[in-house]
Amino acid sequence: PDRVIPPNCRRTLIFSNVHPDIRHGQIKRHFESVWKFDVQHVSIFTDEQESYVKFKNVDDAMTIWRAGNEGLDGQYGVEDGQFSFVKQGIQLKDVYQSNCVPEESPRRRIAQGQTPYPNQQSNKAAKYYDNSNGPGGRPYHPDEYRDESAHHQYQKSPTNMSNNTYHRDNTPMQISPQKKEVTPEELAARDQHQAEQQKLHEEFLQWRVRRKTEYDAFVAEQAERLTQIAKSEQKRDLLLKQESMLSKQLTLHKKMLGMLKSKNAPAGDQSKKMKEILSTQSRVNEIKLEVKGLVEEIEKLKEQEKTKGRFKPSEPRPVFSETYIQGNFKMDRRTTILKVTGDKLGDSSQFTEEGIRSHFVTFGTLSNVVLEDSCALIEYDNRANAETARAG
């Protein structure tokens with residue numbers, strides 16, 4: 001039974017996760033009714049929760065293998081209430097290396113209400129046993145080539161002795177590479193790499209804290225500067241209104257002084273009016289000087305806002321390329337920002353946001369472009385595009 005036959009002749013499939021309550025007839029009727037395939041033999045092993053199903057045709061076995069675990073119920077599935085491989089959680093495990101299906105354990109046969117050994121069941125079952133060595137000889141199958149010169153006691157062969165796996169795209173079979181064992185040196189190097197990455201991650205988190213503190217100070221300074229500009233402008237407007245009112249009063253005082261002189265008013269009245277005119281004129285001159293100082297201060301604050309209104313961190317972003325592995329997924333934490341300086345910028349006329357975007361968008365989708373004094377920060381939507389731009 002353990003004789004290995006060519007892969008294109010194997011028509012016995014091994015199924016796993018077979019519940020002990022599942023009967024042989026359920027498995028056989030499932031393939032005959034849903035797939036319209038003839039099943040010659042079904043064996044169920046309770047301890048391993050496996051089932052060996054031997055089909056009449058090799059093409060039928062290969063078709064079911066290509067369908068995969070999700071297609072075990074056929075193309076259109078099964079009706080409600082019918083036996084379902086998918087709902088039972090039965091899965092394809094392997095293709096058996098021989099078409100001589102192993103016999104079940106006596107405990108399974110007793111649980112199914114059968115005799116422990118086939119040769120005790122009937123004469124028909126007994127003919128499948130070779131008793132030349134006395135009772136308890138090894139079982140054989142009609143599909144097996146019998147070597148009469150030597151008889152070996154039957155033992156169940158491993159299920160994946162030669163990686164006997166069908167390929168669903170009809171390509172030649174390939175032996176999957178064996179899993180490489182990790183050496184102590186590789187484990188030590190991995191631990192060292194993880195420690196270094198952890199250290200880089202902690203430094204990155206510290207940089208983020210410092211950057212946030214610096215940004216909060218920048219926001220507070222900017223808010224204070226804008227508030228000061230608003231108050232200065234408000235004060236300037238009030239002084240200009242006051243200057244306008246005093247100028248009108250000064251004109252009226254001068255007219256009244258002229259009337260007093262024309263009417264030969266007492267010298268005391270004329271002197272009093274003259275003092276009012278001089279006082280008003282002096283106040284108007286003071287307001288003009290104060291307004292001039294406020295205008296200069298407002299212009300200075302606005303100039304500072306132009307130069308300091310854009311946040312520039314004192315520390316550059318640290319290089320941090322850690323890759324977190326969670327389950328079967330990897331999250332790339334490497335930066336997607338390129339810093340372009342010097343002759344890489346090309347013509348100085350293109351050192352504008354539009355010119356830089358038009359040039360670097362050819363390598364991929366851009367997320368942001370920031371212009372600084374002598375460089376440009378170009379951010380892509382992913383790392384691959386940034387690497388392409390860097391190589392180009």
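**View 1. The buried residues of helix α8.** In this predicted model, helix α8 spans residues 353-360, and G355, I356 and F360 are its buried members (buried is under 20% relative accessible area, exposed over 50%, partly exposed in between, with a 1.4 Å probe and protein chains only). Helices are DSSP runs of H or I with at least four residues, strands are E runs of at least two, and both are numbered from the N terminus. Because they cover an arc of only 115 degrees around the axis, these residues sit on the same side of α8; that arc takes the directions from the helix axis to the C-beta atoms. Among the elements covering them are β7 (337-341), β8 (366-371) and β9 (375-380).

**View 2. The second largest cavity.** Its volume comes to about 30 Å³, and the lining is made up of W207, R210, R211, E214, P313, S314 and E315. Sorted by type, that's two nonpolar, one polar and four charged.

**Notes for all views.** Residues are numbered from 1 along each chain as its sequence is written, and side-chain values use heavy atoms, with hydrogens and water left out. As the model is predicted, local features need pLDDT of at least 70 and side-chain atom pairs count only at pLDDT 80 or more, though totals for chains, interfaces and linings use all residues.

Definitions and conventions: 1 Å grid on protein atoms, 1.4 Å probe; cavity = no way out; pocket = protein on both sides within 12 Å on 5 of 7 lines; lining within 4 Å. Points joined across faces, edges and corners; volume = space filled by probe spheres on them. Nonpolar A, V, L, I, M, F, W, Y, C, P; charged D, E, K, R; others polar. Contact = heavy atoms within 4.5 Å.
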